[in-house]
Amino acid sequence: MSHSALFLCLILVTVSSNLAIAIKKEKRLPQTLSRGWGDDITWVQTYEEGLFHTRKSNKPLMVIHHLEECQYCQALKKVFAQNKEIQEMAQNNFIMLNLVHETTDKNLSPDGQYVPRIMFVDPSLTVRADLIGIYSNRLYTYEPQDLPKLIENMKKALKLIQSEL
């Protein structure tokens, strides 16, 4: 009986150590806050947290309003997550927040509460109304083909910080 108990313990130890090695080798699990917009980006959880970090780090806050069931949001998310230049800038130069609900700050919906909507807030906590997309009826929306404009606005947000603050 003690032989079989010892044998069983040995098997359990072997299996559990192999399982631990397999778990360590697995790819890093995606960050739940990314919601598919970029798993290597550090995302803040709330608008208030984003404002705190943008002020503290002197980096602009990029706020992405979207809904999971919105086909336009899904299309934008896909190209956003695949674009290396956007991902690199988002990782290194911005405080990032993606929201699936509205904030209480009405400055983040100056022309309505539509999605997708991307806005920038500078470290002085000013919503940048001058960084807009190409559509006159939805100033802060971007479609997949508008990524060059989004990249341009991300670069402008960084330049404005250097020149204005």
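This is a predicted model: local features need pLDDT of at least 70, side-chain atom pairs count only at pLDDT 80 or more; totals for chains, interfaces and linings use all residues.
How many bridges join β1 to β3, and do these strands run parallel or antiparallel?

1. **The pairing of β1 with β3.** The strands β1 and β3 are joined by 5 bridges and run antiparallel. Within this pairing, Val63 stands opposite Met119 in β3, a pair that you can look for in the structure above.

2. **The pairing of β1 with β2.** Strand β1, which covers residues 61-65, is also joined to β2 by 5 bridges, but here the two strands run parallel. In this pairing Met62 stands opposite Met96 of β2. As background, strands of a sheet pair through backbone hydrogen bonds, and the pairing may be either parallel or antiparallel.

3. **The sheet as a whole.** Taken together, 3 strands make an open sheet with the order β2-β1-β3 and mixed pairing. Because β2 and β3 (117-121) stand at the edges and each has a single partner strand, one side of each is left without a neighbour in the sheet. From one strand to the next, the twist averages 15°.

4. In helix α4, which spans residues 84-93, the residues Ile86, Gln87, Met89 and Ala90 are buried. Seen down the helix axis, the buried residues of α4 fall within an arc of 165°, so they line one face of the helix. The face turned away from that buried side carries Lys84 and Glu88, which are exposed. At the N-terminal end, α4 is capped by Asn83, with a side-chain oxygen 3.1 Å from the backbone nitrogen of Glu85.

5. **Backbone details in the loops.** Asn58, in the loop between α2 (47-57) and β1, has a positive phi of about 65° although it is not a glycine, and Asn58 is partly exposed, with a relative accessible area of 43%. Leu125, in the loop between β3 and α5 (147-164), likewise has a positive phi, near 70°, without being a glycine, and Leu125 counts as partly exposed at 38% relative accessibility.

Key: Residues are numbered from 1 along each chain as its sequence is written. Side-chain values use heavy atoms; hydrogens and water are left out. Two strands pair if DSSP finds at least two bridges between them. Helices (H or I, at least four residues) and strands (E, at least two) are DSSP runs, numbered from the N terminus. Axes are lines fitted to C-alpha atoms, for helices over the stretch in contact, and angles run from 0 to 180 degrees between N-to-C directions. Buried means under 20% relative accessible area, exposed over 50%, partly exposed in between (1.4 Å probe, protein chains only). The arc is that of the directions from the helix axis to the C-beta atoms. A polar contact is a pair of N or O atoms within 3.5 Å; within protein, one must be able to donate a hydrogen and the other to accept it, and residues adjacent in sequence count only if both atoms are side-chain atoms.
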